[in-house]
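Subject: Structure handover

Dear colleague,

Please read the notes with the coordinates open beside them.

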Amino acid sequence: MSSAPATSDLVNLTIDGVPVQVRKGTLLVEAAKLIKQEIPVYCYHTKLGPAGLCRVCLVEVEGMPKLQIGCNTPVAEGMVVRTRGESVEKGRAMVLELLLVNHPLDCPICDKGGECDLQDYAMAYGRGSSDLADPKTSKPKAVDLGPTIVLDEERCVVCQRCVRFDDLIAGERQLVLKDRGHRDMIATATGDPYRHNFTGNVTELCPVGALTSKTYRFKSRPWDLKRTETSCTQCSVGCRMNVDVRRETVLRTMSVEGDDAVSDWWLCDRGRYNVGYVDAPGRITQPLLRRDGTFVQIGWDDAFAIWAKAIRAALDARGPESIAALGGGRLTNEEAYLLARSMRELGAKNIDWRTGRQRQATPGSSGGTLLDLERAGAIVTVGESPAQLAPVMDLRVRKAVRHGARYIRVASHEAPPTMRHHDVPDVAAAAAAIPANVTRVALIWDGVDSTLARAAFAALERDGRTLLTYISGEQGNARGAEAMGVLPFSGPGYHVADTGRDFDGICADALAGKIDVLSIFGANPALNAADGARVRGALQAVGFLVVTELFMTETAKMATLVLPAAGAFEKSGSIVNLAGDVLPTAAALAPPGGVLSDFEIVAGLARALEIALPDTEEIERATIAAAAALPVGIAFGDERFAGTAKEPALGDGLRLRVTHHAFAGGGTLANDERIATLRPLPEAAFSRADAERLGIRTGDYVDLVGPGGTMHDLLAEVRESLAPGEVVTIAGLADAPANALAERSRVRVENVRHADALVEA
Ligand code: SF4
Ligand code: SF4
Ligand code: FES
């Protein structure tokens, strides 16, 4: 929380006759907002700062001979400002007239119509006619800027917000202003498609209809949309977002202005564009029971009865050790709480949300906020960086680096980021790379290798230094699942519970024939677990496998009973993000007929089992208390979380490592055709030394062969930053699952096909 400013930091002025007191240095455009007086802007944006390009923000300041631009004039003691009046309006009218010289009058077919600043300001300040009679310059109307965005060059008012976002916030510097004068246009510097994880933000920043999203163009008018504010659950950041729905279809999501604490007003492209799955044809809308090798549709009452019967039989025959539940990182807090509670009411302790690579989500008492992160003097990442796992967190890192922080990546196997960074081989080198005068250090871990996390914490901890920790991880509400007790060793609020089997132990028990009923809630371990062959074997060995899902995922296809579950936009509740913020989620639309939320599914099972559950108010109270509980006694890289999984045996060959990609995944990502062009190709990255030894060049195709299987047709990349002895591929691609090969095992390269030979063929 920011502290109240000292009186000496405050300045008194009047705006339109109203006295205002603001911090020194505040710009007039922001000071006017405090009295709900709007100064029009095009090039200025609160998060981008002033550019002084458009001059629509003219205001009158007493004692100054000419009109001033409100976006770049700081307040001063005793200042008297007028944002209205004849001279101001005359000045703005002139600016608008010039802007409209070449702007087409195609509002009726423009996607921005109804929420366009040019339209609004022209109505408020424009003259309605012009003395300029020359024909308008015509320019291309639908320039394909890349996989997400279309540019209408005629509509561009050259405010350069898009260019400045790409430079200042995303740090990508792909967009530029080409040419000058009436020929100026927005384009990518290289001519390549505009593509990175944050492109959609420019469609919101564009004050006119020049930049539009391909997924939303010509779909709706803003007044026909029903808007719901919620939190994105696609990753652990939990960005606040507006969901716009028309006719039971999610048409778009938009950022929430003013959300400084979490999203910093931005969304990543995954959160923004992965919405088409909601009404995808592959949605499961009825319970499916496997009979004689095929799925048959059954009703919900039968589904609950069959499931409960299987659990009762297992409890009677072999006791609570023979049942297990997995999942929680994609549930709401309320759902996760109910799941954990129901399992423990049955005496069952085999429960875990950790069905992928991530071991831990709660960093303990050293955990920092996202605002703390941008104020760090040095940021160290161990494991995978947040770039693909938690993209908007990566924007905070970029912000910190812009403000002078040193960004240090330990033994990174990822492609280098487009920001200043230092790659170091180990945590000792990371500690040495932190400047001596830095007193606030942020340590970000992907939650996978607990030993590495502990070593990094020990190496970076120092007297006189604040060490803030973060776990980015793989699943949206992983931290909420831990707080709600979806762990084998702790219950709601991190209270220690009788220890059951973790995910790895449950798989081991299943392979030993000891698990009769396994219920999986919104998780896809067959695709996402590190050792796919072993996990798929375990799932096959379970007597009765239940999966709640939206689609027939790799895991659902193996189930005995598949139950259709509501998606994130179809249910309300709360989540806990990676920084410990408890964030509300709100249903933007109803689920399809026949689909229940995981809350309703667990409650239905509990009824069928005659388990006494608390009422809704009590669940809400318990959930709030558990979410707010301090994670006392949890260490960063805690050994209790580390689990029992063993390193695969080493042999000859390259060590396999995986990275995530924001658009690689099963379920909602694989079942959204609107984002098909954003999915990455299966690839394999090699160090320069290995590539030369193996005769591989960027653009070739290779196969990787290892214990458990083969990955075919991977596009090779020679990555200069990669250490020899490693090969990196992308996790979670449904068409080329990296977990066909056990992660960190040794693999060999086969079947190298050179790009030039393929072209000739
Ligand atoms: S495309 Fe939009 S945001 Fe970019 S310069 Fe033009 S008007 Fe401004
Ligand atoms: S960073 Fe994460 S929470 Fe934010 S919009 Fe992207 S996917 Fe959603
Ligand atoms: S908003 Fe002030 S110059 Fe553009």
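By class, the shell around ligand 1 holds 11 nonpolar, 1 polar and 1 charged residues, where Ala, Val, Leu, Ile, Met, Phe, Trp, Tyr, Cys and Pro count as nonpolar, Asp, Glu, Lys and Arg as charged, and the others, Gly among them, as polar. This is a predicted model, in which local features need pLDDT of at least 70 and side-chain atom pairs count only at pLDDT 80 or more, while totals for chains, interfaces and linings use all residues. Residues are numbered from 1 along each chain as its sequence is written, and chains are lettered from A and ligands numbered from 1 in the order in which they are written.

The ligand shells

Ligand 1 is surrounded by 13 residues, of which C156, C159, C162, C206 and A210 are the closest; a residue is near a molecule if its C-beta atom, placed from the backbone, lies within 6 Å of it. Around ligand 2 there are 14 residues, with C232, C235, C239, C268 and G271 coming nearest, and this shell divides into 9 nonpolar, 4 polar and 1 charged. Helices α6 (269-273) and α11 (391-402) each supply at least two residues of the shell around ligand 2, helices here being DSSP runs (H or I, at least four residues) numbered from the N terminus. Domain 3 (230-277) and domain 5 (370-471) each give at least three residues to the shell around ligand 2, with domain bounds taken from an automatic or database domain assignment.

The helix pairs

Helix α2 (residues 86-99) packs with helix α3 (residues 117-125) at an angle of about 135°, their axes being 9 Å apart; axes are lines fitted to C-alpha atoms over the stretch in contact, and angles run from 0 to 180 degrees between N-to-C directions. That makes α2 oblique to α3, given that angles under 35 degrees count as roughly parallel, over 145 as roughly antiparallel, 65 to 115 as roughly perpendicular and the rest as oblique. In this pair E89, R92, A93, L96 and L99 of α2 meet L118, Y121, A122 and Y125 of α3, contact requiring C-beta atoms, placed from the backbone, within 7 Å. The contact of α2 with α3 has 7 nonpolar, no polar and 2 charged residues.

For helix α8 (residues 333-345) and helix α18 (residues 598-608), the axes come within 8 Å and cross at roughly 20°, and the two are therefore roughly parallel to each other.

Best regards

Technical notes. Two residues are in contact if their C-beta atoms, placed from the backbone, lie within 7 Å.
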